[in-house]
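Let's take a walk through this structure, starting with the overall build and ending at a single residue.

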Amino acid sequence: MMRAARVVRAQLRASIAMALQYRLEFAVEGALALLWVGVTLFPLIVVFGTRPEVAGWTFPEMLVVLGWFVALKGVLEGTLSPSLLQVIEHVRKGTLDFVLLKPADAQLLVSLSKIEPWRLIDLAAAGAIFGVAFHRIGRAPGTGQVLLAAALLGAAVLVLYSIAILVVSVAFVAVRVDNLLYLFQSVFDVARWPSTVFRGLLAVIFTFVLPLALLTTYPALALLGKLTPGTAVGALFGALLFATLARAIWLASIRRYTSASS
Amino acid sequence: MTRILRLYPQLLRTGFAEAVAYRAEFLIWMFSTNMPLVMLAIWAAAARSGPVANYTQQGFAAYYLAALLVRLMTGAWVVWEMTMEIRQGTLGLRLLRPIHPLLQWSADNIAAIPMRGVVAIPVIGILLYVARSELSHDWFSWLLLCPALLGAWLLYFLVQAMIGTLALRFESAASLFDAWLGFSNVLSGYLVPLDLFPKAFRELAVVLPFRFQLSLPVELMLGRWSRIEALELLGAQWAYVLLFLVVTRAAWRSGLRHYAAYGG
């Protein structure tokens with residue numbers, strides 16, 4: 001366990017040093033991240049210009065969901081996607097062998113191999129969105145609510161990471177579909193709305209099959225003090241279960257992997 | 001000119017073969033276009049309690065399905081191809097061929113349209129099934145849709161090519177296109193129909209080129225304009241197309257003087 005933490009720390013330090021070499025890119029990409037937060041906010045502002053409440057959510061409540069969405073999008077596109085896209089590149093070129101030969105867990109090594117630190121701007125923007133939302137609601141969330149939300153955020157990142165690992169595991173079998181990760185990124189866009197926006201079959205799919213509700217809706221409900229304990233426990237267990245499953249599938253795919261160069 | 005006419009069909013055939021060869025990847029790119037459906041979800045939820053402005057739930061379904069259709073049919077990716085080839089130096093090979101590189105890329109992008117059509121067929125089916133009554137009843141509107149779609153595609157392609165030529169001078173041309181895409185998503189009506197915009201935004205959006213790239217063909221499908229208005233808008237769209245054509249050609253010429261191939 002200690003060793004794993006050391007590996008992660010070293011990996012993180014290397015990726016940050018790598019990214020910080022490109023200072024102009026840092027500024028340009030940072031500005032772009034801000035622009036896209038604005039683009040994300042625009043439809044919501046227009047919708048709530050016509051309605052005080054949509055699917056049982058008021059504007060500030062919906063902003064809390066959007067805040068989690070912006071934060072998680074930053075995590076996904078700032079760390080998970082770039083790193084895992086490198087894995088797919090490794091698989092195609094056959095250089096994954098070098099990663100597998102290293103004396104550390106391969107999943108650990110690939111998961112943080114490339115990060116884009118300017119996506120921290122997304123986290124700052126999410127903080128600002130929360131600020132506006134709770135200012136409009138007129139009260140700050142309680143300590144218990146913040147702690148529960150933090151726990152659920154952990155679960156959300158875990159689920160996000162597991163889905164990404166699952167997608168990459170598919171790449172071992174079908175190298176042709178190396179853009180599958182982009183497909184997931186675009187499906188993740190659905191998580192900007194709370195799950196009650198969807199009805200019928202879609203609501204079931206986005207809660208249980210592709211647990212998007214777990215990513216943004218539940219942490220938002222926790223922060224608003226509206227999450228029932230039963231759902232919270234269920235969500236945390238569900239996330240752990242999902243991560244275990246993803247890990248098992250990753251290990252199975254690694255075993256099936258035959259180098260491209262052989 | 002006759003040489004181009006002789007060579008272009010062959011380029012199209014090659015491009016089509018390429019699109020077929022990478023069909024799995026191609027399909028996934030197409031499926032990644034889901035933003036209109038995401039937006040439809042929130043508006044449909046908002047319209048549960050009654051129409052928003054003059055949009056019912058069905059009206060929103062028609063708008064966003066049409067928007068999805070236009071986006072699927074008028075895709076282009078030339079900016080990424082240009083920036084990559086310029087950086088890697090493979091542009092040199094293209095420059096040696098006896099046909100303008102922009103024409104070569106345009107052939108690749110056009111040749112993918114039949115494949116795009118395959119993905120679009122189910123969308124057309126759903127559109128007809130869900131919201132037939134919302135579509136235009138005037139055949140003239142549908143007649144104008146063809147040049148409007150072509151104009152929309154040309155605008156998208158030319159803007160990409162224009163920004164792509166900047167890669168001959170700067171490193172981060174692709175980032176510039178990303179910024180352009182952000183503005184375009186809002187101002188072209190891709191995320192929110194233009195007639196629901198706050199007034200100030202709307203007045204800005206109707207004069208900028210973005211709307212001609214998506215909103216105009218969608219509005220033609222929904223029969224929003226009278227025949228005269230539609231013709232005027234189509235004229236404005238093609239004026240923008242010509243403008244971008246001239247600018248892109250000039251940018252390409254002056255950019256090429258700065259270009260020094262890498263490798264060797």
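The radius of gyration used here is taken over C-alpha atoms, and the globule rule is 2.2 Å times the number of residues to the power 0.38. For the 262 residues of chain A, a compact globule would come out near 18 Å, and chain A has 19 Å, which agrees. Its C-alpha trace spans about 60 × 40 × 35 Å along the principal axes.

A quick word on what you're looking at. This is a predicted model, where local features need pLDDT of at least 70, side-chain atom pairs count only at pLDDT 80 or more, and totals for chains, interfaces and linings use all residues. Residues are numbered from 1 along each chain as its sequence is written, while chains are lettered from A and ligands numbered from 1 in the order in which they are written.

Chain A has eleven helices and two strands; these are DSSP runs, numbered from the N terminus, with helices being H or I of at least four residues and strands E of at least two. From the N terminus, they go α-α-β-β-α-α-α-α-α-α-α-α-α.

How much of chain A is buried? Buried residues make up 39% of its 262 residues, where buried takes 20 or more other C-beta atoms within 10 Å, exposed 12 or fewer, and partly exposed falls in between, with C-beta atoms placed from the backbone.

Now for N34(B), in the loop between α2 (23-31) and α3 (35-46) of chain B. N34(B) is partly exposed because 16 other C-beta atoms lie within 10 Å. The C-alpha atoms of N34(B) and R71(B) are 9.9 Å apart, though 37 residues separate them along the chain.
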